[in-house]
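I opened this notebook to record what I looked up about aromatic rings. The entries follow in the order of my search.

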Amino acid sequence: MESETAGSIEREARYAFQDIKTYADTEWLANNRKRYRQVFDEGEVSYIYVELSLVNKAFELEDWDVTVELKCFRSDKRSKEICNLVLQRKIAASSSVAYIREGWGNKKVGLFWKPGAYLWEAWIDGKKVGTRYFYIQSSGQRPVEIPGDYLELKSVRLYEASIEDQLEEERMYLKELDFSETKYVYVEVEFENQLPDLSWHLELITRFFNESRELKGQVVKLMKIDPDQETIRLSVGWGTSTKGSWREGNYTAELIFMDRLIATVHIPFGLDHEPGFPLVWLPGEKEAKILGSPKPNEEGLAAVLAKLDNLVGLDQVKRSVREHALYMEFLRLREKRGFVERDQVQMHAVFKGNPGTGKTTVAGMMGAIYFQLGLLSKGHVHSVDRADLVGEYIGQTAPKVRHALDQARGGVLLIDEAYALARTNDDAKDFGREVIEMLVKEMSDGPGDLAVIAAGYPAEMDHFVASNPGLRSRFKIVLDFQDYQPADLQKIAALAATHMEVQPTEEATRLINQVIVRSYRDRDRTFGNARYVYDLIEKCKIQLGLRIMRSEEAEGLPVDKLRAITAEDVLLATHLVANGTVRLPVDEELLAEALHELDGLVGLPTIKQEIHDLVLLIKFELSRAEASRDPFSMHTIFIGNPGTGKTTIARILAKVYKALGLLERGHVIETDRAGLVAGFVGQTAIKTAERIEEAKGGVLFIDEAYSLTQPGSGRAGDFGDEAIQTLLKRMEDQRGQFFVFVAGYPDNMEVFLKANPGLKSRFDRTLVFPDYTEQELLEIAQNIIREQGYSLDPEASLLVEEWVTKLHQRRDRYFGNARTIRQLLDELIKAHRTALARDFGSGTPLDEHIISGSTVLQVQLQEDRSAWSKSGIGFKKN
């Protein structure tokens, strides 16, 4: 039986690959381990060793022999082999894991290994079983000091999180952790890069130990440090996905770099999370200390109070906050002199005021003041509302409140619209009451390090405070935020403009001030105050940007033009034009430019006349005192074959409508079926709405619109009808805010308009684009050649005329009209340029600007061959 087992082992693999590691120190450690790492400094190493570990499948059965090849390469110079070590080893039956180790280098430190990326490969029986990369780098110092030549530890913090870690702004830093609640402990470290001009690798090994110095776990983090990266910040964590893996007592975490101990972090576990920062022992120092904890100071308090004084308006609020800060300083002075304050320091407050009156800004300053006074450990603001605190079902509310409190711990919990937690009706199923009760408990006997500020409308906040007897006694500080006066709002507008780096002109400033005064007089309790003003200036900046980018000289404009907000920008930003409150005067210069461009087009006499008549009609309507914008719905159908000028006319019409004041921007968004229709249910409406939003203030031009109702569109999976329904609704709901132009072939467009009863009624006019005549096509050809800076010699002119005639005579319904002419002339000009290049340097060079008849004949011949070479049904002509 024993021999059968041995035989089977001989026929099958006796091993399984376990790992391959590198190290530089041969010191023997417990459990047959070494001081493994992947990053080395060239000034500290002589040999680099590789360790191959194999699981012995013949454990306790038999000894066996193995031949191993260990190869080392420069990974950035793969063709260069550093060494190839062939090793014969006997694997003992008594070893469950076999270790095969060897090294390469020179006994003199710093002589053999040079900076670069390397790799070891392990081969058995001609098969590669494992690879391990390692990195040699240099700090440039001799002798090298590790870690000092590479990095300096600046900050160490602890926090608790799940396996997915936490965003930095969500972390609550702790000096003690709750052993029963903690899943993962994270150590956040920050280093100052001592080699900011170099690219190098940081390999940080973090080992977690329990109170008995038993290894809890180890994390190895390898990261590349780029040049100019002055600060290095990373987090490493250890734990399990369930609670209960930690015990009450003192744990530690050791931070190791290149076999050197950087620091030992104290991680105490107790009964509760305690905000703060951990003690850190540094090598060579007798006492532990806190690294990176922000420290309050008198200068910081003075700076916060100075910022408070610089706020516009809010005189009573600023006075109350400053007096409160002075009283807190008084209490701190008494504490230094030995007085014992029996009552808890009052930090919780109620802010009453309408939106945009500075409540959030002042809350942030309160947090900063409390931090500078040493009352809060962080001083940040965590904002929440009812939705963040109240659950939908029994048992959901308490965890949400605890989470919010944990996020705010060390700073301010700002509850916006706090009155929503105390509804006026006696609804037993409303869980807002539960939130209030938890807040009262937190403010009464919670762990502290927290200020709660409840904010909202004045009358509602009075009801909120009265809804629970405990609230009034906890909220001792009540601040009333009055609406800003118009003069204050105008100052805020100037500050907003400076902040956004824009400068309204004198007329624009006058208009902005008028808009602010009118809005103030018409305000209700929802008036946005400073928020409204910032939004107003931002909208003006957006209109400035749109106006600049529509200009052909955008790139070359001076800096002052890029920041100057005009009166037109203000009018468009406030939507006074679109709402009919204010109408921009007709831009006669732009209108004349657009009509001149229209009249300069070849052909289209009927289209031109219709547009001129339309301009006269609109100007007549606008001249009337009570003229309304409503009659001017300019949705238009463009019917015509390809290349008949539909897109060009669409762009000119958009410019005309802008000049007449009917469109704010006058831009054209060109799209087709692919731009409107998606492949899944519900996505088409979204996609169509996005195109409409892009077209706001301008024209949405839908080419080949008939494809939205192509045959079979009613079948499952085709969503063209959904796009049409979305379009029709927005055309009606947002009448006058954008115009829709649809274009396509005559027969197809007739089918399109009959496909939906609402389509035809939404379009106010139809423009029919006839095919160009032979003479018009010839004129278009001559214009194209002239615009490109060329002319035709007599022979070429005659040949082009004959060519155009032939094309016109052979045309069908798919004939491209001007588009076809342009494509052929592009080929002609390209052939002329090729001839110029071929003739360059000859004794009799060609005239660069005159196209010859021979070039026309050459292109005609190529086009004829191309036409014959197209595949089709039947026999090809010989």
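The entries below concern aromatic pairs, then charges over rings.

I note that this is a predicted model, in which local features need pLDDT of at least 70, side-chain atom pairs count only at pLDDT 80 or more, and totals for chains, interfaces and linings use all residues. Residues are numbered from 1 along each chain as its sequence is written, and side-chain values use heavy atoms, with hydrogens and water left out.

I searched the whole structure and found 29 aromatic pairs. Rings of Phe, Tyr and Trp (its six-membered ring) pair if their centres lie within 6.5 Å; planes under 30 degrees apart are stacked, over 60 edge-to-face, and the rest tilted.

I looked up Tyr-23 and Tyr-49, which are stacked, at 5.3 Å centre to centre with 10 degrees between the planes. Tyr-23 belongs to strand β1 (residues 15-23) and Tyr-49 to strand β3 (residues 47-56), so their pair ties together parts 26 residues apart in sequence. Strands are DSSP runs of E, at least two residues, numbered from the N terminus. I found both Tyr-23 and Tyr-49 buried, meaning under 20% relative accessible area (1.4 Å probe, protein chains only).

I then took Trp-113 and Phe-134: their ring centres are 5.7 Å apart and their planes at 75 degrees, so this pair is edge-to-face. Trp-113 is buried at 2% relative accessibility, and Phe-134 is buried at 0%.

Lastly, I checked charges over rings (NZ of Lys or CZ of Arg within 6 Å of the ring centre and within 35 degrees of the ring normal). The charged end of Lys-71 sits over the ring of Trp-123, 4.3 Å from its centre.

Notes: Helices (H or I, at least four residues) and strands (E, at least two) are DSSP runs, numbered from the N terminus. Buried means under 20% relative accessible area, exposed over 50%, partly exposed in between (1.4 Å probe, protein chains only).
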